[in-house]
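Student: Could we go through this protein and its ligand together, one question at a time?
Tutor: Gladly! Let's take a look.

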Amino acid sequence: MRYVVAITGASGAIYGIRLLQELKGERILVMSETARAIIPVETDYTVEEVEAMADQVFDDGQMFASIASGSFRYDAMVVVPCTESSVAKFACGIADTLISRAVSVCIKENRRLVLVVRETPKSAIMLENELKLARLGVTILDANPGFYPRPQTVDDIVDIVVGRCMDQIGAEHDLYRRWE
Ligand SMILES: Cc1cc2nc3c(=O)[nH]c(=O)nc-3n(C[C@H](O)[C@H](O)[C@H](O)COP(=O)(O)O)c2cc1C
């Protein structure tokens, strides 16, 4: 399996990092400029350490990258965490960065796309943008954990969100205790 993972500049960079650590298969990573700045602020990882978790890394300005083309095949794309600024771009079809171009391609090619959005509270603009994408088949997965698996640590809470994300792209994991 081949996955595209995009990390944008929302709080919750650790969700993207955990996904990279847990995904089995080929991982193609692209991070926005703000994501690169937030990673060392919010986590114990450097940007270089995060890049080393992927099989291939592109800069957000690399418009000639494979994932900018609909002819390049992969199984699913996840934007995690996803800012509302990026959601707005995606909803309007703006494709002026590698991440927004890859998402635009993913939508036009009817590929599996999950946006792990992190913002609260949300304005009507944000909700309308998310609704527009959801109606196109994009999964809007708020970084919003359930507490029925009884998380004991912050790591457990992160893993619940990442596990729900992996469920959406059909990736095997053992990140949280399912409801029986
Ligand atoms: C520390 C920090 C935390 C942020 N957290 C969020 C957030 O949780 N959600 C969000 O939508 N934007 C957040 N932002 C704002 C975005 O980073 C900003 O809109 C940026 O332009 C998004 O660009 P990108 O989507 O290309 O990464 C945050 C910014 C900073 C500096």
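Student: How far is a nitrogen atom of the ligand from an N or O atom in the side chain of Glu119?
Tutor: Keep in mind that this is a predicted model. A pair of N or O atoms counts as a polar contact within 3.5 Å. For the side chain of Glu119 and a nitrogen atom of the ligand, the distance is 3.5 Å.

Student: How much of the ligand does the protein bury?
Tutor: Start with the ligand taken alone, which exposes 650 Å². Of that area, the protein buries 62%.

Student: Which element gives the most to the shell around the ligand?
Tutor: Two elements give two or more residues to this shell, namely α2 (33-42) and α4 (84-92). With three residues, the one that gives the most is α4.

Student: Which residue has a side-chain N or O atom 2.6 Å from an oxygen atom of the ligand?
Tutor: The shell has 13 residues, and among the closest are Ser86 and Arg118. Arg118 uses a backbone N or O atom, 2.6 Å from a nitrogen atom of the ligand. The side chain that lies 2.6 Å from a ligand oxygen belongs to Ser86.

Student: Why does the span of helix α7 agree with its number of residues?
Tutor: Helix α7 has 15 residues (154-168), so at 1.5 Å a residue it should span 21 Å. That agrees with the distance between its end C-alpha atoms, which is 22 Å.

Student: Which residue caps the N-terminal end of α7?
Tutor: Look for a side-chain oxygen 3.3 Å from the backbone nitrogen of Asp155. That oxygen belongs to the cap, Thr153.

Methods. Residues are numbered from 1 along each chain as its sequence is written. This is a predicted model: local features need pLDDT of at least 70, side-chain atom pairs count only at pLDDT 80 or more; totals for chains, interfaces and linings use all residues. Side-chain values use heavy atoms; hydrogens and water are left out. Helices (H or I, at least four residues) and strands (E, at least two) are DSSP runs, numbered from the N terminus. The expected span of a helix is 1.5 Å times one less than its number of residues. A polar contact is a pair of N or O atoms within 3.5 Å; within protein, one must be able to donate a hydrogen and the other to accept it, and residues adjacent in sequence count only if both atoms are side-chain atoms. A residue is near a molecule or strand if one of its heavy atoms lies within 4 Å of it. Accessible areas come from the Shrake-Rupley method with a 1.4 Å probe; for residues, only the protein chains shown count as cover.
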